[in-house]
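This report describes one protein model through its aromatic pairs, its helices and its database annotations. The sequence and structure are shown below.

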Amino acid sequence: MKEIIGGPGTVSGLLLRIGQCVFAAASISIMTTATEFASYTSFCYLIASMGLQLLWSFGLACLDIYALRRKKDLQNPVLVSLFVVGDWVTAMLSLAAACSSAGVVVLYARDMNFCKTHPDLPCSRYEISILLAFITWLQVSISSHVMFWILASV
């Protein structure tokens, strides 16, 4: 079987999954340390989505480590279809959460100047957390694209 960059059981796939875990965890930690984040539903949705992404990516990173240590091939049709579905679901949830949170921040920071009139709100923390969520989504979309092509070739 041809080894594809970012595929399951490869070093590049492991690095991609670790990157997803790191950026999702950073997004969660920055958002949860910001005050009054729980007042906004989209920010809570972002935390829930990034939490699911963190668990999914961590599980697949552990599976990649196992496959690399045991020299196992993870490119069978059943596993790859599970990876494709999981990646697509978490990618859609991550994109939806990041976009809805970005919409709230744009409304408050740019349209209503709410961040300037209320300096106690940590709008910059919200923005950084959302940026990290978009970076997480970008990495997940790369993974889901690779998994889709592997599924087509298996």
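## Aromatic pairs

Six aromatic pairs turn up in a search of the whole structure; rings of Phe, Tyr and Trp (its six-membered ring) pair if their centres lie within 6.5 Å, and planes under 30 degrees apart count as stacked, over 60 as edge-to-face and the rest as tilted. One of the pairs joins Tyr-40 and Tyr-126, an edge-to-face arrangement with 6.3 Å centre to centre and 75° between the planes. This pair links distant parts of the chain, 86 residues apart: Tyr-40 sits in the loop between helix 1 (11-33) and helix 2, and Tyr-126 in helix 5 (residues 123-153).

## Basis of the model

The model is predicted: local features need pLDDT of at least 70, side-chain atom pairs count only at pLDDT 80 or more, and totals for chains, interfaces and linings use all residues. Residues are numbered from 1 along each chain as its sequence is written, and side-chain values use heavy atoms, with hydrogens and water left out.

## Overall fold

The protein chain has five helices and zero strands, where helices (H or I, at least four residues) and strands (E, at least two) are DSSP runs, numbered from the N terminus. The order of elements from the N terminus is α-α-α-α-α. The C-alpha trace spans about 60 × 25 × 20 Å along its principal axes.

Helix 3 covers residues 77-111, 35 residues in total. From first to last C-alpha, helix 3 reaches 49 Å, close to the 51 Å expected at 1.5 Å a residue (the expected span is 1.5 Å times one less than the number of residues). Just after helix 3, Asn-113 has a positive phi of about 50°.

## Helix packing

The axes of helix 1 and helix 2 come within 8 Å and cross at roughly 155°; axes are lines fitted to C-alpha atoms, for helices over the stretch in contact, and angles run from 0 to 180 degrees between N-to-C directions. Helix 1 is therefore roughly antiparallel to helix 2 (angles under 35 degrees count as roughly parallel, over 145 as roughly antiparallel, 65 to 115 as roughly perpendicular and the rest as oblique). The contact of helix 1 with helix 2 has 18 nonpolar, seven polar and two charged residues; Ala, Val, Leu, Ile, Met, Phe, Trp, Tyr, Cys and Pro count as nonpolar, Asp, Glu, Lys and Arg as charged, and the others, Gly among them, as polar.

Helix 2 (residues 41-70) packs against helix 3 at an angle of about 150°, their axes 9 Å apart. Helix 2 and helix 3 are therefore also roughly antiparallel to each other. Their contact comprises 17 nonpolar, eight polar and one charged residues.

## Annotated regions

An unreviewed UniProt entry places the feature "domain: Casparian strip membrane protein" at residues 8-138; UniProt positions are given in the numbering used here, feature names are shortened, and annotations may be inferred rather than shown by experiment. Residues 8-138 are 82% helix and 0% strand, with end C-alpha atoms 17 Å apart.

The UniProt annotation "transmembrane region", also from an unreviewed entry, covers residues 12-31, 43-68, 88-109 and 130-152. Residues 43-68 are 100% helix and 0% strand, with 36 Å between the end C-alpha atoms. Residues 88-109 are likewise 100% helix and 0% strand, and their end C-alpha atoms lie 31 Å apart.
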